[in-house]
Amino acid sequence: MVKRRLSILGSTGSIGRSTVDVIDHLGGTKTFDIIALTGGSNAKKLAEQALALRPEIAVISNEAALAELQALLSGSGIETAAGDTAVIEAAGRRADWTMSAIAGAAGLRPTLEAIRAGSAIGLANKESMVCAGPLVTAEAKRANIPILPVDSEHNAIFQVFNEAQRDTIERIILTASGGPFRTFTLQQMQKVTPAQALAHPNWSMGAGISLDSATMFNKGLELIEAAHLFDMPSEKIEIVVHPQSVIHSMVGYSDGSVLAQMGEPDMRTPIANALGWPQRVSTSVERLDFRKFSRLDFEMPDETRFPALRIARETLEAGGLAPCAMNAAKEVAAEAFLNERLAFLDLAAIVDQVLERIDLHGTAENLNDILGADCEARRVAAEEIASGRFRGP
Ligand code: NAD
Ligand code: MG
């Protein structure tokens, strides 16, 4: 039997580790040939994964960590490399399926490279779609490869979105847990610490997405991601807060039917769905036990306390490079908040300010334009933070 060739971009992160777990459960190297594993700075974790999965190459983006990676893999016969260019090169090696799980806009170029090389994509890196939806979808079409959503909401939609009945689809309903501050007042939100913001009630995730869930920028990014993945306009995508995270999202049809996908809040289910598609594969994920919860709740999101939702929808409707600029400004502000240089409510304020000031030229079909907008938004965001106009905690 010919083994499927897999690569994992961002294998040392939260999604990357869950992907390794899913692969192990399916037989690991007995079932798959692993082509590339890439990580950011954690050479130890990357080497441990490489020794178990025997990829052709293990790449660490942080060049300072290369010596450690080489020492840990010496004699293994596994190629090693470091730096952003090496990550992109590894992403472009021929694979059948690639997990795109680098955090943030840094995932865009490796994801594009994997698409161009003809690999099907398991897409966790939502920022690729947010920054470059038109480019990513056009490249995927050209390469004739599927983009299989891994983000739990989008994977849920993917499972219940009947393309053959597209004409009858009235709406997509994205569910949101509401994050750790769902019930907080604005006054309480003013004082929250990074540790509080990183403690998600239902999901265990990387720092970036955990903070994005607290501000609800995550749901804003997902709104844009959904618009591109499913080719749906902003007005047909609703957001509903569902604190139990049992229903992962829904699709509404013209006869009034609403189809939902449910499961434990465990990313191994959507990862396995994307890896197995169009078949289904087994996982060791805990099965949903309906005795454990007595009710499912739904609330409308509050854009006053979570302005990220308004900002994201505005950038989706503005189109072009606005979503990319929003994401870049948000990434810079997030880092400043985690370093205690900004207060929680300043995060959205900074992004609003950047979007007001920035002059965007070009389109989201052109990679240079996208990278230019990303860079400019980061510069303006850093300037806003340094100006001291935002009080900090
Ligand atoms: P994480 O921070 O845990 O891991 C990110 C991975 O990317 C790590 O391997 C890290 O070393 C690597 N990385 C970081 N910066 C890099 C850079 N500049 N160049 C190359 N590699 C770099 O993040 P995560 O929670 O696994 O999330 C990854 C992606 O998946 C994000 O886009 C996130 O929004 C998305 N996602 C995550 C979850 C989740 O449950 N964690 C759910 C849905 C979507
Ligand atoms: Mg999600």
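**A friendly note on the cysteines, the ligands and a few helices**

1. The cut-off used here for a disulfide is 2.5 Å between the two sulfur atoms. Please keep in mind as you read on that this is a predicted model.

2. How many disulfides does a search of the whole structure find? The search comes back with zero. Cysteine 131, for its part, is in no disulfide, and the nearest cysteine sulfur to it belongs to cysteine 324. Are these two residues buried or exposed? Cysteine 131 counts as buried because its relative accessibility is 2%. Cysteine 324 is buried as well, with a relative accessible area of 0%.

3. Next, have a look at ligand 1. Its surroundings are made up of 22 residues, and the closest of them are Thr12, Ile15, Gly40, Glu127 and Gly206. Sorted by class, this shell holds nine nonpolar residues, ten polar ones and three charged ones.

4. One oxygen atom of the ligand is 2.7 Å from a polar backbone atom of glycine 40. For serine 14, a backbone N or O atom lies 2.9 Å from an oxygen atom of ligand 1. Serine 61 takes part through its side chain: an N or O atom there is 3.4 Å from a nitrogen atom of the ligand. On its own, ligand 1 would expose 820 Å², and the protein buries 83% of that area. Which elements give two or more residues to the shell? They are helix 1, spanning 14-25, and helix 6, spanning 126-143.

5. The ion is coordinated by Asp151 (OD), Glu153 (OE) and Glu222 (OE), at 2.0 to 2.2 Å. Along the chain, these donors follow the spacing D-x1-E-x68-E. Aspartate 151 counts as buried because its relative accessibility is 6%. Glutamate 153 is also buried, at a relative accessible area of 8%.

6. Which of its residues are buried? They are Leu108, Pro110, Thr111, Leu112, Ala114 and Ile115. After the helix comes glycine 118, and its phi is positive, near 90 degrees.

7. Leucine 69 is part of helix 3, which covers residues 66-73. Is leucine 69 buried or exposed? Leucine 69 is buried, since its relative accessible area is 0%.

8. Finally, turn to isoleucine 350, which sits in helix 15 (residues 346-357). With 0% relative accessibility, isoleucine 350 counts as buried. How far is isoleucine 350 from lysine 44? In space the two are 36 Å apart, C-alpha to C-alpha, and in sequence they are 306 residues apart.

Note on methods:
Residues are numbered from 1 along each chain as its sequence is written. Chains are lettered from A and ligands numbered from 1 in the order in which they are written. This is a predicted model: local features need pLDDT of at least 70, side-chain atom pairs count only at pLDDT 80 or more; totals for chains, interfaces and linings use all residues. Side-chain values use heavy atoms; hydrogens and water are left out. A residue is near a molecule or strand if one of its heavy atoms lies within 4 Å of it. A polar contact is a pair of N or O atoms within 3.5 Å; within protein, one must be able to donate a hydrogen and the other to accept it, and residues adjacent in sequence count only if both atoms are side-chain atoms. Accessible areas come from the Shrake-Rupley method with a 1.4 Å probe; for residues, only the protein chains shown count as cover. Helices (H or I, at least four residues) and strands (E, at least two) are DSSP runs, numbered from the N terminus. Ala, Val, Leu, Ile, Met, Phe, Trp, Tyr, Cys and Pro count as nonpolar, Asp, Glu, Lys and Arg as charged, and the others, Gly among them, as polar. Buried means under 20% relative accessible area, exposed over 50%, partly exposed in between (1.4 Å probe, protein chains only). Donors are N, O and S atoms within 2.8 Å of the metal (3.2 Å for Na, K and Ca); water is not among the atoms, so sites may look incomplete.
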